Amino acid sequence: MASPALDTTALQQEFDGLIEAEQRVEPRDWMPDAYRKTLIRQIAQHAHSEIIGMQPEGNWITRAPSLRRKAILMAKVQDEAGHGMYLYCAAETLGVSRDELVDLLNAGKQKYSSIFNYPTVTWADVGAVGWLVDGAAITNQIPLTRCSFGPYARAMIRVCKEESFHQRQGFELLNVLSHGTPEQRAMAQDALDRWWWPSVMMFGPPDAESQHNERSMRWKIKLFTN
């Protein structure tokens, strides 16, 4: 009988071969513990961000200026809830429960995107979040549709399609305001000024300052540098 060390070596070689061939790693495949932990950290943070991200815009559902705007915003917030569920399901295939992930978030041991700590102080902020924040998210997330872990990659296909709608509705909202009254134009400009740099910061720190970048690139969880 082969020793456990030899068995692990063979499994590691098989895993490395999948990564090198740009094939998908599936939940039943053997994977290094560090790969599993990295995925749990990243997918959980992504899922938490989708759920927390409902709140700044959800704050405007009861104050939307028309029934049409309210229906659009409700649909968007519902989409974000769905994105969180897709991602929690992907994380669960790695052997961690949704309750565990939420408990870790509440205990401060996991994170969500800090951009959702910024307040949405006017109606124009809903447009700025859609156009700028969701636009930055799409840029970051489209490569994830080709990441090495199958459930994460497949979940991101639908997420990215729906985020594209969110970006378009944000642009349309700001476009309407920019052709409105002087007060509406000023409100739109103020929202863009406040959300521009937080949106740019969504692309992450320089590669030299990113503690996860090199390993995630090597495992093809991440396909492009910051």
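1. A quick definition to start: a residue is called buried when its relative accessible area is under 20%, exposed when over 50%, and partly exposed in between (1.4 Å probe, protein chains only). By that cut-off His 46 is buried, because its relative accessible area is 10%.

2. Please keep in mind that this is a predicted model, where local features need pLDDT of at least 70, side-chain atom pairs count only at pLDDT 80 or more, and totals for chains, interfaces and linings use all residues. Residues are numbered from 1 along each chain as its sequence is written, and side-chain values use heavy atoms, with hydrogens and water left out.

3. On confidence (pLDDT, the predictor's score for each residue, from 0 to 100), the protein chain has a mean of 93, with 97% of its residues at 70 or more. Helices here are DSSP runs (H or I, at least four residues), numbered from the N terminus.

4. Back to His 46, which sits in helix α2 (residues 33-52). Beyond its neighbours within four places in sequence, His 46 is in contact (heavy atoms within 4.5 Å) with Leu 87, Gln 141, Leu 144, Tyr 152 and Met 156.

5. Of its 28 residues, Tyr 35, Leu 39, Ile 43, Phe 149 and Tyr 152 touch the most other members. Helix α2 gives the most to this core, six residues.

Definitions and conventions. Helices (H or I, at least four residues) and strands (E, at least two) are DSSP runs, numbered from the N terminus. A nonpolar core is a set of buried Ala, Val, Leu, Ile, Met, Phe, Trp, Tyr and Cys residues joined through side-chain atoms within 4.5 Å.
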